[in-house]
Amino acid sequence: MRVLVAMSGGVDSSVAAARMVDAGHEVVGVHLALSSAPGTLRTGSRGCCSKEDAGDARRVADILDIPFYVWDFADRFAEDVIDDFVESYARGETPNPCVRCNERIKFSAMSARALALGFDALATGHYARLSDGRLRRAVDPDKDQSYVLGVLDQRQLATALFPIGDTPKARIRDEAARRGLAVADKPDSHDICFIPSGDTRAFLGARIGVRRGSVVDAGGAVLAEHDGVHGFTIGQRKGLGIAGPGPDGRPRYVTSIDAESGTVRVGDAADLEVRTLIGERPVFTAGAPLAGPVECDVQVRAHGGIASAVVEHRGDRLVATLRSPLRGVATGQTMVVYLPDPDGDEVVASATISAARP
């Protein structure tokens with residue numbers, strides 16, 4: 001089988017490529033150039049896709065004795081991921097750019113090019129598993145990335161391979177060291193890859209500009225002014241620009257954001273609790289729409305934010321009724337639906353959250 005491996009320059013994709021070679025496939029490595037100024041996209045463990053990363057990926061490919069190429073996807077990434085991220089925050093939402101990158105870049109644009117060039121599959125270093133076309137959680141629960149892959153459909157999964165999902169991260173690093181790969185101890189990338197400084201508010205402010213509004217309490221009293229709703233997200237406690245805790249001495253959190261009026265409302269932690277989630281643009285990862293109410297688990301963040309729920313497919317929406325409340329759920333986030341299974345929880349659907357209600 002001809003396999004294209006997405007090689008980021010990190011330890012995970014490097015071992016994924018090595019395993020594909022060991023399996024006897026005809027392997028080619030590709031590094032995606034996602035920035036027109038690649039030297040700006042890594043600062044220590046922050047960011048990715050820098051010239052340093054491309055060089056690391058090329059050296060691994062040399063050791064594995066496989067062809068290696070760099071594909072320039074900077075324009076597509078800027079439009080489909082960065083612009084989408086900025087526009088979503090301007091609407092008062094909280095998007096996950098890794099979800100969009102997988103959906104629109106790696107398993108759409110990149111995969112399409114790979115198939116057009118005659119490859120049979122695209123392999124990545126994601127921590128997830130596929131069995132009989134079913135997407136499941138990785139063996140390592142701390143590194144599981146099935147959540148950010150939950151937006152993929154059966155067509156996309158049919159040509160995807162996740163070679164390291166059956167192995168804990170510590171053993172992946174050990175394997176890389178045994179293979180003589182210099183990336184064995186390379187730090188994992190953190191935060192948002194295209195914001196290596198980690199200052200999301202400054203990044204958004206430079207692109208959105210000043211859109212003044214007010215921070216108000218539950219009664220509507222103005223507590224502070226702000227320069228734009230893009231500086232806030234549901235559940236945020238720090239950086240609110242207010243003097244301190246509420247009159248009762250308890251901390252205050254962002255509980256709602258109205259981008260049209262520029263109003264950011266704050267309240268108690270209990271005000272963050274939601275029991276109903278409504279998701280738009282559902283994707284049925286398992287292949288078929290949900291039939292009737294389904295007892296499942298719903299995850300709303302890449303790490304954590306999991307609750308037992310009953311999920312129904314209603315028209316063009318997914319409606320999740322949570323058995324226990326979740327806090328800090330924002331519109332724009334992705335909710336991923338899992339069916340508990342002894343062989344590993346299976347992803348069956350996902351949707352973009354458009355409403356979260358008490």
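1. Asp65 is found in the loop between helix 2 (51-64) and strand 5 (68-72). Helices (H or I, at least four residues) and strands (E, at least two) are DSSP runs numbered from the N terminus. The model is predicted: local features need pLDDT of at least 70 and side-chain atom pairs pLDDT 80 or more, while totals for chains, interfaces and linings use all residues. Residues are numbered from 1 along each chain as its sequence is written, and side-chain values use heavy atoms, with hydrogens and water left out.

2. Asp65 has a positive phi of about 60°, although it is not a glycine. Most residues other than glycine have a negative phi. Asp65 counts as exposed because its relative accessibility is 69%. The cut-offs are under 20% relative accessible area for buried and over 50% for exposed, with partly exposed in between (1.4 Å probe, protein chains only).

3. Asp132 also deserves a look. It has a positive phi of about 55° and is not a glycine. Its loop runs between strand 7 (128-131) and strand 8 (134-137). At 82% relative accessibility, Asp132 counts as exposed.

4. The largest nonpolar core has 43 residues. Leu4, Phe85, Met110 and Phe194 have the most contacts inside it. Strand 1 (2-6), strand 2 (26-33), helix 3 (74-90), helix 4 (97-116), helix 5 (146-149), helix 8 (200-208) and strand 18 (334-339) each give two or more residues to this core. Such a core is a set of buried Ala, Val, Leu, Ile, Met, Phe, Trp, Tyr and Cys residues joined through side-chain atoms within 4.5 Å. A second, separate core of 25 residues includes Val5, Met20, Tyr127 and Ala176.

5. What does Met110 touch, not counting residues up to four places away in sequence? The partners are Leu4, Ala6, Val30, Leu32, Trp71, Phe73, Ile105 and Leu122. Contact here means heavy atoms within 4.5 Å.

6. Ala114 is in helix 4. At 1% relative accessibility, Ala114 counts as buried. Not counting residues up to four places away in sequence, Ala114 touches Leu4, Trp71 and Phe119. The C-alpha atoms of Ala114 and Thr159 are separated by 9.9 Å, with the two residues 45 apart along the chain.

7. Thr159 is in the loop between helix 6 (154-157) and strand 9 (160-161). Is Thr159 buried or exposed? At 16% relative accessibility, it counts as buried. Beyond residues up to four places away in sequence, Thr159 touches Ser111, Leu115, Asp120, Ala121 and Leu122.

8. Asn102 is in helix 4 and, at 3% relative accessibility, counts as buried. Its side chain makes a polar contact with the side chain of His126 (3.3 Å). That term means a pair of N or O atoms within 3.5 Å, one able to donate a hydrogen and the other to accept it. Leaving out residues up to four places away in sequence, Asn102 touches Phe107, Ser108, His126, Val148, Leu149 and Leu152.

9. The second largest pocket has a volume of about 280 Å³. A pocket is an open set of points on a 1 Å grid where a 1.4 Å probe fits, with protein on both sides within 12 Å along at least five of seven lines; lining residues have an atom within 4 Å of a point. Of 18 lining residues, Ile234, Thr255, Ser256, Val329 and Ala356 are the closest to its centre. Strand 12 (253-258) and strand 19 (346-357) each give two or more residues to the lining. The largest share, four residues, comes from strand 12. The lining divides into 10 nonpolar, four polar and four charged residues.

Note on methods
Grid points are joined across faces, edges and corners, and a volume is the space filled by probe spheres set on the points. Ala, Val, Leu, Ile, Met, Phe, Trp, Tyr, Cys and Pro count as nonpolar, Asp, Glu, Lys and Arg as charged, and the others, Gly among them, as polar.
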